[in-house]
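Please look over the sequence and the three-dimensional structure shown here, and keep both in view while reading the paragraphs that follow.

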Amino acid sequence: MAAHIDFRISRASKFLLCVTVIATLAGGLSLLAQPGAFSARLTTPRIAPVPEQGRTEAQRQMLASRPDFNIYKTLAHHPELYSRWSPLGSFLLNGSSLPARHREMLMMRMGWLCQSEYEWAQHARIATSSAGMTDQEVHRIAEGPRAAGWTDFERTLLSMVDELRYDAMVGDATWRALRKEYSDQQMMEALYTAAQYQLVSMALNSLGVQLDPGLTHRLPKDLPLPKLAGPATGARLTTPRIAPLGREQWSAQQREMITPQIRADGSVLNLYATMLQHPRLYTPRMSFGSYLRTETSLPPKTRELLIMRTAFLIGAQYEWAHHVEYARAAGLTDGEIARIAAGPDAAGWSEEQRAVLRAVDELRREAFITNGTWSVLEKHYDTKQLVEIVFTVGGYTMTGLAINSFGIQVEPGYPNFPRR
């Protein structure tokens with residue numbers, strides 16, 4: 001969701017290239033020093049489902065065509081965000097070219113890694129009723145890619161989810177193996193499916209969405225818990241796996257879609273030119289991304305703290321580079337921008353800013369904002385903004401995973417990433 005405004009770095013601002021190793025390590029240590037176990041998940045909602053009586057017209061319209069599920073009734077607190085996110089979700093859930101079995105494997109593996117019981121229960125229901133999976137296969141998804149019984153391709157598909165969760169990038173061997181059966185467009189669909197359900201897990205866990213009646217599956221209790229995620233530290237690609245689409249390759253439809261992102265000099269940022277390779281995914285992803293980038297009700301400083309801390313933790317250099325000027329425009333000083341890499345425990349943050357940064361760390365670590373952090377956020381943000389905080393982190397994580405895995409390169413003239 002990088003900006004398409006043509007911001008470039010000045011010489012005076014190049015000190016950002018020299019963020020100190022000490023500050024960077026502090027940011028990593030603040031996350032890694034957390035207790036080595038998942039926090040207990042909520043047994044009551046933090047944000048209660050919107051009751052039928054007293055719903056606004058926007059809420060009634062949103063819920064009229066939705067199943068009577070708690071996730072929808074909870075997100076009905078923010079119909080505008082839902083309307084900008086749901087086309088992407090609908091495409092990934094039902095409209096992609098991936099086999100239904102593969103989709104459910106991707107979704108459920110991410111639900112297990114994030115310990116999201118609601119996601120697990122809903123998709124175990126779908127997997128067994130619509131995707132032809134047995135209860136034994138559902139359990140095996142939690143066992144992971146090393147469990148006996150998977151095909152080689154299925155084993156690699158599950159490994160992809162693990163790599164996205166922990167490394168924030170699909171590894172070379174996994175990419176090559178999947179690419180033997182999947183096209184570039186299917187690789188994009190698979191990645192966005194896994195990343196979307198990481199976002200969903202973050203929302204379900206942090207908002208306290210409770211199970212709907214009739215759901216019978218539960219997260220397996222007979223297996224060790226997954227490991228927790230830390231800052232992603234692996235090397236990033238220096239050449240694209242999926243190349244940006246050149247102007248001479250655009251169809252009339254693609255030209256119309258990307259016209260708003262064409263800059264004054266006629267160029268297009270690599271993120272948009274790459275995503276244009278998949279026109280059906282381009283528009284819903286773009287609509288959701290632009291909403292998070294500029295249209296939420298969050299204060300601009302809060303938005304940029306969330307985005308840049310997310311980019312730092314997952315090693316998404318492209319996002320960091322394109323948001324330095326956005327952060328400045330929001331009122332963050334160069335010193336504060338550099339301090340984002342040091343994390344929430346660095347000296348100088350307010351209580352509010354510290355909680356915002358800590359929320360990013362906790363969502364990265366276990367797809368859940370803990371009670372202590374949530375209680376501080378509640379003092380500063382209303383219900384819609386609390387939802388926006390989770391979706392901003394989840395949405396920018398999604399784009400960062402794509403940037404890292406597709407090998408989208410930073411254009412010349414933008415700031416380098418802080419040293420990790």
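In which helix does Asn270 lie? Asn270 belongs to helix 12, which covers residues 270-275; helices here are DSSP runs of H or I with at least four residues, strands are runs of E with at least two, and both are numbered from the N terminus. Before going further, please note that this is a predicted model, in which local features need pLDDT of at least 70 and side-chain atom pairs count only at pLDDT 80 or more, while totals for chains, interfaces and linings use all residues. Residues are numbered from 1 along each chain as its sequence is written, and side-chain values use heavy atoms, with hydrogens and water left out.

Returning to Asn270, its C-alpha lies 5.8 Å from the C-alpha of Pro244, although the two residues are 26 places apart in sequence. If neighbours within four places in sequence are set aside, Asn270 is in contact with Pro244, Tyr318, Ile408, Gln409 and Glu411, where contact means heavy atoms within 4.5 Å. Another pair to look for is Asp222 and His139, which are 83 residues apart in sequence, with their C-alpha atoms 9.9 Å apart in space. Asp222 is found in the loop between helix 10 and helix 11 (252-258), and its relative accessibility of 56% makes it exposed. In these terms, buried means under 20% relative accessible area, exposed means over 50%, and partly exposed lies in between, as computed with a 1.4 Å probe on protein chains only.

The interior comes next. In soluble globular proteins, nonpolar side chains tend to be buried together. The largest nonpolar core of this model has 131 residues, and those with the most contacts inside it are Leu75, Tyr192, Trp320, Leu377, Phe391 and Phe406. Its largest share, 14 residues, comes from helix 10, which spans residues 184-207. A nonpolar core is defined as a set of buried Ala, Val, Leu, Ile, Met, Phe, Trp, Tyr and Cys residues joined through side-chain atoms within 4.5 Å. Around Trp320, when residues up to four places away in sequence are not counted, the residues touched are Met308, Ala311, Phe312, Ile337, Ile340, Ala341, Asn416, Phe417 and Pro418.

Charged side chains also meet one another. The structure holds 15 salt bridges, each being a side-chain nitrogen of Lys or Arg within 4 Å of a carboxyl oxygen of Asp or Glu. One of them joins Glu366 and Arg41, at 3.0 Å from N to O. Glu366 lies in helix 17 (residues 351-366) and Arg41 in the loop between helix 1 (21-32) and helix 2 (57-64), so this pair ties together parts that are 325 residues apart in sequence. Glu366 is buried, with a relative accessible area of 0%, whereas Arg41 is partly exposed at 22%.

A second salt bridge joins Glu154 and Arg101, at 2.5 Å from N to O. Because Glu154 lies in helix 8 (residues 152-167) and Arg101 in helix 5 (residues 100-113), the pair ties together parts that are 53 residues apart in sequence. Glu154 is buried, with a relative accessible area of 7%. Salt bridges that share partners also join Arg41, Arg365 and Glu366 into one network. Within helix 2, Glu57 forms a salt bridge with Arg60, the closest N and O atoms being 2.8 Å apart, and these two residues, three places apart, are separated by about one helical turn.

How do helices pack against each other? Two packed helices are described by the angle between their axes and the distance between the axes. The axes of helix 14 (residues 300-314) and helix 17 come within 9 Å and cross at roughly 35°, where axes are lines fitted to C-alpha atoms, for helices over the stretch in contact, and angles run from 0 to 180 degrees between N-to-C directions. Among the residues that meet are Leu305, Leu306 and Leu313 in helix 14, and Val356, Leu357 and Val360 in helix 17.

Finally, two loop residues deserve a look. Gln115, in the loop between helix 5 and helix 6 (117-129), has a phi near 50°, a positive value in a residue other than glycine, and Gln115 is buried at 9% relative accessible area. Ala168, in the loop between helix 8 and helix 9 (172-179), also is not a glycine and has a positive phi of about 60°, and its relative accessibility of 0% counts as buried.
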